[in-house]
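Keep the view beside you as you read.

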Amino acid sequence: MAKHNHTAGFTLIEVLIVAIIIVVLTATVLPHFAETQGQSIESRAQFNLYCLRSQIDLYQQEHNGAVPGDDLAELLTKTNAAGTTNRADGPLEFGPYVGSLPINPLTGSNTVAEITNNPPLADDVTESDGWLYNKVDGQVWINHVDHLTETPFPAPKLPGPTARLPRSG
């Protein structure tokens, strides 16, 4: 009786078909991942802008409408009603509003560029700063040409005394 020496394995055509399937799947999925990453960066920038704007708004409410200075340093420390850190001007009862300024994920920076335009112009955009800030009116924008037209959110309404609604029935 003759022994046949057969080894188990795949033919070249089977291996090529599997390789083609892998290439097609990769070509289909990779663009979706790249798009999702871009959307994630945009969402993070929007969220950080919202947080920064809300803290500036809170600062304004607690300091009789005054806005933080040109680098937003007042958001990082305790201040008195005058907006200074000098205890002679009063107790340091407000803030800090943030532990550090949020990073703009589109530029990788959390620094602030002071501008005078509202809304900002394309010439106001810098290569290195994270945020554009107008210290006259306290408005802040993402330092990126695609985000210059974003309007500030409306000031939040502080809850007032609750009124009782009449009961029905």
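1. Start with S2 (131-134) and S3 (139-142): the two strands run antiparallel and are joined by 4 bridges. Two strands count as paired if DSSP finds at least two bridges between them. Across this pair, Asn-134 stands opposite Gln-139 in S3.

2. Bear in mind that this is a predicted model, where local features need pLDDT of at least 70 and side-chain atom pairs count only at pLDDT 80 or more, while totals for chains, interfaces and linings use all residues. Residues are numbered from 1 along each chain as its sequence is written, and side-chain values use heavy atoms, leaving out hydrogens and water.

3. The open sheet has 3 strands in the order S1-S2-S3, with mixed pairing. S1 (112-114) and S3 are the edge strands, each with a single partner strand, so one side of each has no neighbour in the sheet. On average, neighbouring strands are turned by 30° against each other, direction ignored.

4. H1 packs on this sheet, touching S2 and S3, and its direction makes about 170° with that of S3. Contact here means heavy atoms within 4.5 Å. S2 and S3 are among the elements covering the buried residues of H1. Those buried residues include Ala-45, Leu-49, Leu-52, Ile-56 and Tyr-59; buried means under 20% relative accessible area (1.4 Å probe, protein chains only).

5. Just after H1, Asn-64 takes a positive phi of about 55°.

Conventions. Buried < 20%, exposed > 50% of the residue type's maximum accessible area, 1.4 Å probe, protein only. Axes fitted to C-alpha atoms, helices over the stretch in contact; angles between N-to-C directions.
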